[in-house]
Amino acid sequence: MPRLAYVNGRYVPHAQAAVHIEDRGYQFADGVYEVVPVYRGILVDEEPHLDRLDRSLSELRIAWPMSREALRLILGELIRRNGLTNGLVYLQMTRGTAPRDHKFPAASETALVITTKRQNPISEAVLAEGVSVITIPDIRWRRCDIKSISLLPNVLGKQQAVEAGAYEAWQVDDDGYVTEGTSTNAWIVSAEGQLVTRGVEHAILNGITRRSLLDLVREAGIALEERRFTVAEAKAAREAFLTSSSSFVLPITRIDDSPVGSGKPGALTKRLREHYVSHITHAERKKALA
Ligand code: PMP
């Protein structure tokens with residue numbers, strides 16, 4: 001089965017998929033994206049992802065290229081045609097193609113590219129050990145709530161993490177507080193046993209995994225504080241973990257050179273991961289039967 005991509009109205013072989021050199025995404029990073037996990041053949045949290053896409057588009061005044069319903073059909077069709085069971089759907093919308101000029105073009109059509117990627121959930125071996133993060137200054141702009149395709153600081157940060165032998169880099173604001181990872185949200189269980197994650201404002205992306213997990217945490221009656229935390233607080237924490245569409249809930253066992261807690265994945269982290277996986281398994285099964 002050849003891998004297909006969807007590009008501006010057509011399903012095309014992935015290897016030949018291309019956009020125009022004057023696409024404003026290529027010229028200016030003038031666009032937004034979404035990454036939606038596919039678990040057991042079904043899109044996870046599709047509606048919240050489309051809501052966030054809608055918000056990103058409207059913040060940048062980029063028009064939807066089609067109705068939401070039509071987009072849903074294309075997503076389903078691409079997953080079907082690519083026989084995707086576990087992995088990710090990547091969708092990107094830009095302000096379209098126009099002669100290079102910073103200001104918005106008088107007329108352009110929103111460009112849409114959708115690709116899929118196979119990816120198995122994180123292995124049990126990695127989950128048993130946890131991963132490490134480094135901390136780096138957050139050098140991004142002040143609208144990190146918009147899922148913009150302008151990702152240079154995130155790219156540099158992730159590369160720095162990889163070169164340091166770490167899985168992720170936690171970005172730290174000018175006041176010494178952790179904002180988020182380069183492609184993940186950051187959580188700790190403080191030395192006092194409190195579950196903590198940064199509140200949503202313009203400094204972080206409101207992760208869909210973060211939001212779903214927050215709902216589960218509230219349902220389970222687990223005490224939670226949505227507030228900022230410093231690197232020092234994180235290093236003294238009992239547990240730490242990250243969340244994202246591709247990692248779900250992933251234990252962190254080292255921050256820079258400090259082991260977190262016992263140096264092994266924490267009990268609450270494990271419980272939350274189980275909760276999350278069972279949530280997506282049940283929610284998706286219900287959806288498949290609907
Ligand atoms: N923060 C950033 C900067 C990200 O790129 C991502 C991944 N999209 C996340 C957080 C996690 O968001 P989600 O749970 O929606 O994947």
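Colleague: Does D145 count as buried or exposed?

Modeller: Please bear in mind that this is a predicted model. Buried means under 20% relative accessible area. D145 has 6% relative accessibility, so D145 counts as buried.

Colleague: With which side chain does D145 meet in a salt bridge?

Modeller: A salt bridge is a side-chain nitrogen of Lys or Arg within 4 Å of a carboxyl oxygen of Asp or Glu. Here the partner of D145 is R55, at 2.9 Å from N to O. The pair links distant parts of the chain, 90 residues apart: R55 belongs to helix 2, whereas D145 sits in the loop between strand 7 and helix 5. R55 is partly exposed, at 35% relative accessible area.

Colleague: Which parts does the salt bridge of K158 and E168 tie together?

Modeller: The closest N and O atoms of K158 and E168 are 3.2 Å apart. K158 lies in helix 5 and E168 in strand 8, so the bridge ties together parts that are 10 residues apart in sequence. E168 is buried, with a relative accessible area of 0%, while K158 counts as partly exposed at 24%.

Colleague: Which residues are linked in a network of salt bridges?

Modeller: Such a network joins E47, D51, R68, E69 and R72. The count of salt bridges comes to 25.

Colleague: Which residues form a nonpolar patch on the surface?

Modeller: I139, L152, V155 and L156 do, with about 420 Å² of accessible area together. Among them, L152 is found in helix 5 and is exposed, with a relative accessible area of 57%.

How values were computed
Residues numbered from 1 in each chain as written. Predicted model: local features only at pLDDT ≥ 70, side-chain atom pairs only at ≥ 80, totals over all residues. Heavy atoms only, no water. Patch = residues over 30% accessible without salt bridge, like charges linked within 9 Å, V, L, I, M, F, W, Y side chains within 5 Å. Areas by Shrake-Rupley, 256 points an atom, 1.4 Å probe, with all protein chains shown as cover. Helix = DSSP H or I, 4+ residues; strand = E, 2+ residues; numbered from the N terminus. Buried < 20%, exposed > 50% of the residue type's maximum accessible area, 1.4 Å probe, protein only.
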